[in-house]
Amino acid sequence: KGIANACKKANVALIGGETAEMPGFYKAGEYDLVGTIVGIVEKTQILTGEKIRPGDKLIGLASSGLHTNGYSLARKILFEQLEVKNADLLPGSRTTFGQALLKPHLD
């Protein structure tokens, strides 16, 4: 009800989104709320994928690190399955796993 009331008060529509479950991250009663603003596109300009053909080029952009739901999976694999410690160094670097997981993804 709180989010719906806030949207009504701000005269905005909550049209969808993603819910990230992050077990073991927040204490009981804590939560994180994030909002995103999106743009608008004319219906005739929407990219649907219908025109994708063999031989088309795909451009990949490097990531600056883990984002959103990736942290839950990374923590589970690293700390529960591989039993890595925060202070352990990433192989081939002088960065610890803890430092890498806390690195802001600003770029």
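Biologist: Where is Glu-83 placed?
Modeller: Glu-83 sits in the loop between helix 2 and helix 3. Helices here are DSSP runs of H or I with at least four residues, strands are runs of E with at least two, and both are numbered from the N terminus. This is a predicted model, in which local features need pLDDT of at least 70 and side-chain atom pairs count only at pLDDT 80 or more, while totals for chains, interfaces and linings use all residues. Residues are numbered from 1 along each chain as its sequence is written, and side-chain values use heavy atoms, with hydrogens and water left out.

Biologist: What is the phi of Glu-83?
Modeller: Phi of Glu-83 is near 55°, a positive value in a residue other than glycine.

Biologist: And is Glu-83 buried or exposed?
Modeller: Glu-83 counts as exposed, at 58% relative accessibility. Buried means under 20% relative accessible area, exposed over 50%, and partly exposed in between, with a 1.4 Å probe and protein chains only.

Biologist: Which phi value does Asn-11 have?
Modeller: For Asn-11, phi is near 60°, a positive value in a residue other than glycine. Asn-11 lies in the loop between helix 1 and helix 2, and is exposed with a relative accessible area of 71%.

Biologist: Stepping back, how many helices and strands does the chain have?
Modeller: The chain has three helices and zero strands, and its pattern along the sequence is α-α-α.

Biologist: What share of the residues is buried?
Modeller: Of the 107 residues of the chain, 11% count as buried. The accessible surface comes to about 10,400 Å², of which 59% belongs to carbon and sulfur atoms. Such areas come from the Shrake-Rupley method with a 1.4 Å probe, and for residues only the protein chains shown count as cover.

Biologist: What share of the contacts joins residues 24 or more positions apart?
Modeller: Among contacts in the chain with a separation of 6 or more, 43% are between residues 24 or more positions apart. A contact means heavy atoms within 4.5 Å.

Biologist: Now the core: which residues form the largest nonpolar one?
Modeller: The largest nonpolar core has six residues, namely Tyr-71, Ala-74, Leu-78, Val-84, Phe-97 and Leu-101. Helix 2 and helix 3 (97–102) each supply at least two residues of this core. Helix 2 gives the largest share, three residues. A nonpolar core is a set of buried Ala, Val, Leu, Ile, Met, Phe, Trp, Tyr and Cys residues joined through side-chain atoms within 4.5 Å.

Biologist: What is Leu-78 in contact with, leaving aside neighbours within four places in sequence?
Modeller: With those neighbours left aside, Leu-78 is in contact with Glu-83, Val-84, Phe-97 and Leu-101.

Biologist: How many salt bridges are there in the whole structure?
Modeller: A search of the whole structure finds one. Lys-76 forms a salt bridge with Glu-80, the closest N and O atoms being 3.2 Å apart. The criterion is a side-chain nitrogen of Lys or Arg within 4 Å of a carboxyl oxygen of Asp or Glu.

Biologist: How are Lys-76 and Glu-80 spaced in helix 2?
Modeller: Lys-76 and Glu-80 are four residues apart in helix 2 (residues 70–81), so about one helical turn separates them. Lys-76 is partly exposed at 41% relative accessible area, whereas Glu-80 is exposed at 53%.

Biologist: And Arg-75, is that one buried or exposed?
Modeller: Arg-75 is buried yet has no salt bridge, and the nearest side chain of opposite charge, Glu-80, is 6.3 Å away. For charge, Lys and Arg count as positive and Asp and Glu as negative, with His and the chain ends not counted. Arg-75 belongs to helix 2. Leaving aside neighbours within four places in sequence, Arg-75 is in contact with Pro-23, Gly-24, Phe-25 and Glu-80.

Biologist: Which residues form the nonpolar patch on the surface?
Modeller: Ile-3, Leu-14, Tyr-31 and Leu-33 form it, with about 500 Å² of accessible area together. Patches are made of residues with over 30% relative accessible area and no salt bridge, like charges being joined within 9 Å and nonpolar side chains (Val, Leu, Ile, Met, Phe, Trp, Tyr) within 5 Å.

Biologist: What separates the C-alpha atoms of Leu-33 and Ile-3?
Modeller: The C-alpha atoms of Leu-33 and Ile-3 are separated by 9.5 Å, and the two residues are 30 residues apart along the chain. Ile-3 lies in helix 1 (residues 2–10), and Leu-33 in the loop between helix 1 and helix 2.
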